[in-house]
Every structure is written in C-alpha cells, then in structure tokens.
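Me: Hi! Could you walk me through this structure?
Reply: Happy to, let's have a look together.

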Amino acid sequence: MKAIVYTKYGPPDVLQLKEVEKPAPKDNEVLIRIYATTVNRTDCAILRAKPFIVRFFYGLFTPKKKITGTDFAGKIEEVGKSVSSFKAGEKVFGFDDNGLRSHAQYTTMPEDKGIARMPEHITYEQAAASTEGAHYAYNFIKKVNLTKGQKVLVNGATGAIGSAAVQFLKYFDVYVTAVGNTKNMELLKTLGADKVINYEKEDFTKDEQKYNFIFDAVGKSTFGKCKPLLEPGGIYISSELGPAAQNVYLPLVTKVFGGKKIKFPIPTDVRGSMVFIKKLIEKGKFKPVIDRRYPLEQTIEAYRYVEKGQKTGNVVITVEHK
Ligand SMILES: NC(=O)c1ccc[n+]([C@@H]2O[C@H](COP(=O)([O-])OP(=O)(O)OC[C@H]3O[C@@H](n4cnc5c(N)ncnc54)[C@H](OP(=O)(O)O)[C@@H]3O)[C@@H](O)[C@H]2O)c1
C-alpha cells in the first residue's frame, strides 16, 4: 500500500511517499481502508517533535511509528477474531493522538479506541475533518458548566479547534464572541457567532464585554491579559502551554486562590468525544470547515501549509485506491 513514511523528526522534507506492507489486524483490531484523512496541528507537532514532551510519547530519538497520521474516515475491510462491535463494510471515522499511521491507504485500530460509525449523509472528507479539532474543542467544553445565555469568547475561532468550538457552544445556547481575521468574518457568523471581532483591526482584550469563559483556541493570548474580561468566577482555557508554559502550573495556583481560574485540560477521552461529535453531526449542529484538499501524494505540501498556523478549519488528504 502507499503511505507517508518518516524515520527521523524534522520539517516536512523528511517525509516520503513509499510503498509499504499493508497492515493486518490483531484479534481486537479492525482493518480500515482509508478514503480521507487530514494533516492537522497534532500531526505537525509529532513530525517535528515539538514541544519536546512529544518525544516521550512518540519516541525519544526517532519516531516509533514510521507512518504519519492521526485520523481517518474509511470503510472496515476486515475485523480481528475477537471484534464484536464492528463488521466488514461499515463506514467509520476515528482519531488517536498517539498516532494512527493513517496517512496511508490502510490502517488498523483497536475496536475500543476512538473509532465510531460514520454518520449517514456525510462524505469521507467531512468525517475525517470532524475528528482532531472537534475532539480538542469538546475537551474545552467538557471542563466548564455551560448554561443558556452565558457569554463565551473564542479566540482563534477560524482554526480546526476554534471553528468546532463555536458550533458546539451554540448547541449549548450560549452567546459566542468569535475572534478571527478580516477574510473570515462572514464565515464566523455562518458558524453561529453572535459577535465577531477582527483581530487585524481590534484587540479583543480591550473589549468592554465580560465573559463567563474565554477559550483561546490558538493560544496567542494569556490568562493575565484576559483576566479583566472574565466575570467573577470566570474560566480561561488555552490550547497552548503559554509563553512560559504557565498554562500548566497556573491552574494549580488559581485553584487554590479561588475567583477567576485558568484550566489546562488534558485531552484523553477520544471515544467520548466521538460520541458527542457524531451526535451533533446527526442533529445538523456541526459541520466541519474544510480549507483545502490534497491527494495523499501531496501530503508534504499539505504539511507545509498547515505548519503556517493559518488554515481555516481543516486540511483534508484524499486517498485513492486504484
Ligand atoms: N492542547 C492540545 O492538546 C492541542 C491539540 C491540538 C492543537 N493544539 C494547538 O492549538 C492551536 C490551534 O489548533 P488548530 O488545529 O485549531 O490550529 P489551526 O487550524 O492552525 O488554526 C489556527 C487559527 O488561528 C488563526 N489565527 C492566527 N493568529 C491569530 C491571532 N493572533 N488571533 C486570532 N486568530 C489567529 C489562524 O488563521 P489566520 O492566521 O488566517 O488568522 C487559524 O485559522 C495550535 O497552536 C495547536 O498547536 C493544542
């Protein structure tokens, strides 16, 4: 089968399109024929092993898994002997930030991990684009108690995480302020934002509005700068560690002192996210934003684009089987 392979961490140039052996499912695994996958920011972090902590999970000196890719949409081709929840022929989509070797024509995955049947009426491309960013967005939302009418600001609302977060928040009937650039103001309104702030013209931290929650889905603000915007007891969550990795230890400090808090949720329950994401797609409440599509053969170009940190939603890789 065709796959994107690497043997050392580094820039996209270390990637190669190669012919490799098709995987065989273990007893508890399913074999998936992949039709679509994405290049996402998690893939980029794994590729360069940045931040350094990545190496503790993916290989200290060289990558343990030689095929890249963390998500997929495809069809089950074969099931292992003990698999009971899926059968051959079913359309599935899934994600695993431990690496799925999914920039390939086939991958395998244990049946009890982050894999679910695809909702009907969506394409493989849409299904693949509904996993990584949406999982992290749901990870923010799970950490707060949303009630109707609360106010939430999403910074980086045009990204994979941000564009999913805006739609998920509207499902909970909260007032959403979305921060993005000039070209995406209309898109953000289409996603359901009640108010949009163009960061190219305005600094959202100078906004008069107070918020119950601030989600920085691009990690370019700080708790310190956003604190004045929070209501008493308000919560700030960022997708990044912060300039001095303070988003990791500040949650402990703010927890002790009470009042406005910062949280740094570790995203673990992918399976739970898949259940939520699937439900919202089926209710028509979530539609992933797709920026560009590249064929598997051009995955290196896709990485170069995604690494810039300027994509709008998701970058899909389409996989052909000739
Ligand atoms: N904590 C975790 O577990 C975790 C997991 C995955 C990703 N991440 C991190 O989370 C961040 C977002 O991920 P993502 O997949 O959503 O990224 P993404 O799709 O690359 O989106 C980033 C978005 O932010 C916009 N942006 C850039 N500068 C901005 C600014 N100053 N103000 C507001 N928006 C700005 C970009 O568009 P324009 O430049 O065109 O404005 C882009 O649409 C990344 O830094 C990623 O490394 C964290």
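Reply: One term before we start: a residue is buried if 20 or more other C-beta atoms lie within 10 Å of its own. Also, this is a predicted model.

Me: Thanks! So what percentage of the 322 residues in the chain is buried?
Reply: By that cut-off, 47% of the 322 residues are buried.

Me: And how many helices and strands are there?
Reply: The chain has 10 helices and 15 strands. Its radius of gyration is 20 Å, close to the 20 Å that the globule rule gives for 322 residues, so the chain is as compact as a globular protein of that length. The C-alpha trace spans about 60 × 40 × 40 Å along its principal axes.

Me: What share of the contacts comes from residues 24 or more positions apart?
Reply: Counting contacts with a separation of 6 or more, 68% are between residues 24 or more positions apart.

Me: Okay, domains. How is the chain divided?
Reply: Into domain 1 (2–131 + 270–318) and domain 2 (144–263). Their C-alpha centres lie 27 Å apart. As for the contacts, 11 residues of domain 1 touch 11 residues of domain 2. On the domain 1 side, these are 4 nonpolar, 4 polar and 3 charged residues.

Me: Now the ligand. Where does the shell around it lie relative to domain 1 and domain 2?
Reply: Between them, because both domains give residues to that shell.

Me: Which residues come nearest to the ligand?
Reply: Of the 27 residues around the ligand, Thr158, Gly159, Ile161, Ser239 and Gln310 come nearest.

Me: And which elements supply at least two residues of the shell each?
Reply: Helix 1 (41–48), helix 4 (132–142), helix 5 (160–171) and strand 9 (175–180) do. Helix 5 gives the largest share, with 3 residues.

Me: How does the shell split by class?
Reply: There are 15 polar, 8 nonpolar and 4 charged residues in the shell around the ligand.

Me: Switching topic: is Ala128 buried or exposed?
Reply: Ala128 counts as buried, because it has 31 C-beta neighbours inside 10 Å. You'll find Ala128 in helix 3 (residues 124–128).

Me: What is Ala128 in contact with, leaving aside its neighbours within four places in sequence?
Reply: Ala36, Thr37, Thr38, Asp71, Phe72, Ala73, Phe93 and Val316.

Me: Where is Gln16 compared with Ala128?
Reply: Gln16 is 112 residues from Ala128 in sequence, and the C-alpha to C-alpha distance is 22 Å.

Methods
Residues numbered from 1 in each chain as written. Predicted model: local features only at pLDDT ≥ 70, side-chain atom pairs only at ≥ 80, totals over all residues. Helix = DSSP H or I, 4+ residues; strand = E, 2+ residues; numbered from the N terminus. Rg over C-alpha atoms; globule rule 2.2 N^0.38 Å. Buried ≥ 20, exposed ≤ 12 C-beta atoms within 10 Å, placed from the backbone. Contact = placed C-beta atoms within 7 Å. Near = placed C-beta within 6 Å. Nonpolar A, V, L, I, M, F, W, Y, C, P; charged D, E, K, R; others polar. Domains from an automatic or database assignment.
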